[in-house]
Structures are given as C-alpha cells and as structure tokens.
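Subject: Handover of a structure, with findings

Dear colleague,

Please find the structure that I am handing over to you below. My notes on it follow directly after.

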Amino acid sequence: MATSSEVLQTKTEDLLIGALLRVPAQAIQRRLIKELNAAGFGELRLPHMAVLQFPGPDGARPGTIAERAGMSKQAINQLLSSLEGYGYIVRSDGEGSARVVHATERGHAAFWKMVDILRDIEEEWRSELGPERFDQLKALLFVVWDSPLVR
C-alpha cells in the first residue's frame with residue numbers, strides 16, 4: 001500500500017480519474033462562488049453549490065436535491081434554510097405532504113449569473129485547449145454523462 005508521500009509524488013499520467021475530474025470541478029465551483037460574490041450574491045458559499053448545481057433546485061423536492069448532491073436530507077434542509085433566509089428560494093407545500101423548492105427572483109438572477117460565468121469558463125478552456133481538443137473533451141464527457149458509468 002502506498003504511503004501518502006508516495007501518492008503525492010505520483011506522476012501526472014498516473015493520476016486516477018477521480019482526481020482528474022474532481023480538481024477541475026472544484027476549481028470551477030470556487031470560481032463560481034468568487035464571481036457570484038463579486039456580482040452581489042455575497043452570501044453564497046461553496047456548500048450552497050450542492051443545492052445550486054445543475055439542474056438547480058427550482059421545482060424539486062428537498063429529497064431529490066439531497067439525492068443529487070449525495071447528502072442527507074437534514075444537511076440539504078440546512079442549506080435550503082440558509083438559501084431561503086438569504087432570499088434565493090422559497091419552499092411551499094406540494095402534492096401530499098411533500099415540500100417543493102422554488103427559486104425567487106434573486107435565485108433566478110444568481111442562476112443566470114452562474115450560466116454567464118460558466119460560458120466564460122468554457123471560452124477560456126476552449127482557448128487554452130484549442131477548439132478541437134475542447135470539443136473532444138466535451139464530447140467524451142457527454143458520452144460518460146449518458147453512460148451507466150455515472151449511475
């Protein structure tokens with residue numbers, strides 16, 4: 001079994017897929033929060049990304065949001081309470097006893113700002129990788145997205 005110092009000395013080509021996907025995803029989330037904060041959505045923090053991540057909370061039940069995020073319902077409800085207190089969402093009664101989350105005007109504004117930031121990130125990645133390689137990367141990620149690998 002490798003020690004932690006041996007793992008740190010791993011060559012780039014030996015990195016496992018988990019790290020290769022996680023590191024860019026975390027960088028994107030950090031940038032989203034930084035730019036959202038700068039754009040006037042100063043209350044948002046990294047944990048809120050569990051709720052705000054695609055496809056977003058609008059129209060979803062808390063249990064569905066928890067499942068998407070891989071978190072407990074209790075943890076998601078804490079994040080939902082926080083976002084509700086900041087004016088990004090409201091929760092209302094749905095069919096039966098289930099609550100449904102709805103984005104407020106502020107929540108929709110944050111969502112559209114996130115889309116703008118993500119478009120900027122895509123353009124930067126396209127520029128850095130070159131259009132052909134970026135399109136290949138995105139095409140491969142779509143294949144994975146639609147495969148049993150992510151279920």
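In what order do the elements of the protein chain run from the N terminus on? The order is α-α-α-α-α-β-β-α-α, and the total comes to 7 helices and 2 strands. Helices (H or I, at least four residues) and strands (E, at least two) are DSSP runs, numbered from the N terminus.

Two remarks on the basis of these notes are in order. This is a predicted model, in which local features need pLDDT of at least 70 and side-chain atom pairs count only at pLDDT 80 or more, while totals for chains, interfaces and linings use all residues. Residues are numbered from 1 along each chain as its sequence is written, and side-chain values use heavy atoms, with hydrogens and water left out.

Overall dimensions

The C-alpha trace of the protein chain spans about 50 × 40 × 30 Å along its principal axes. Its accessible surface comes to about 10,500 Å², and carbon and sulfur atoms hold 57% of that area; accessible areas come from the Shrake-Rupley method with a 1.4 Å probe, and for residues only the protein chains shown count as cover. Among the 151 residues, 24% count as buried. Buried means under 20% relative accessible area, exposed over 50%, and partly exposed in between (1.4 Å probe, protein chains only). Of the contacts with a separation of 6 or more, 44% are between residues 24 or more positions apart, where contact means heavy atoms within 4.5 Å.

The nonpolar core

A nonpolar core is a set of buried Ala, Val, Leu, Ile, Met, Phe, Trp, Tyr and Cys residues joined through side-chain atoms within 4.5 Å. The largest such core has 23 residues, and those touching the most other members are Leu44, Val51, Ile65, Ile76, Leu80, Leu83 and Tyr88. Two or more residues each are given to this core by H2, H3, helix H4 (62–69), H5 and H6.

Val51, leaving aside neighbours within four places in sequence, is in contact with Gly56, Pro57, Ile65, Ile76, Leu79, Leu80 and Leu83. Pro57 is found in the loop between H3 and H4 and counts as buried at 9% relative accessibility. Not counting residues up to four places away in sequence, Pro57 touches Val51, Leu52, Ile65, Ile89 and Val101. Its C-alpha atom is separated by 29 Å from that of Phe134, which is 77 residues away along the chain.

Aromatic pairs

How many aromatic pairs does the structure hold? There are 3; rings of Phe, Tyr and Trp (its six-membered ring) pair if their centres lie within 6.5 Å, with planes under 30 degrees apart counted as stacked, over 60 as edge-to-face and the rest as tilted. One of them joins Phe41 and Tyr88, whose ring centres are 6.2 Å apart and whose planes stand at 50 degrees, so the pair is tilted. Phe41 lies in the loop between helix H2 (17–38) and helix H3 (49–52), and Tyr88 in the loop between helix H5 (73–85) and strand S1 (89–93), so this pair ties together parts that are 47 residues apart in sequence. Both Phe41 and Tyr88 are buried. The rings of Phe111 and Trp112 have their centres 4.9 Å apart and their planes at 85 degrees, so that pair is edge-to-face. Phe111 counts as partly exposed, at 32% relative accessibility.

Salt bridges

Side chains of opposite charge can pair when their charged atoms come close. A salt bridge is a side-chain nitrogen of Lys or Arg within 4 Å of a carboxyl oxygen of Asp or Glu, and a search of the whole structure finds 8. In one of these, Arg99 meets Asp93, the closest N and O atoms being 3.3 Å apart. Arg99 is partly exposed at 37% relative accessibility, whereas Asp93 is exposed at 59%.

Arg126 forms a salt bridge with Glu123 (3.9 Å, N to O); the two are 3 residues apart in helix H6 (residues 105–129), and therefore separated by about one helical turn. Arg126 also forms a salt bridge with Asp135, with closest N and O atoms 2.7 Å apart. Arg126 is partly exposed at 22% relative accessibility, and Asp135 is partly exposed at 40%.

Yours sincerely
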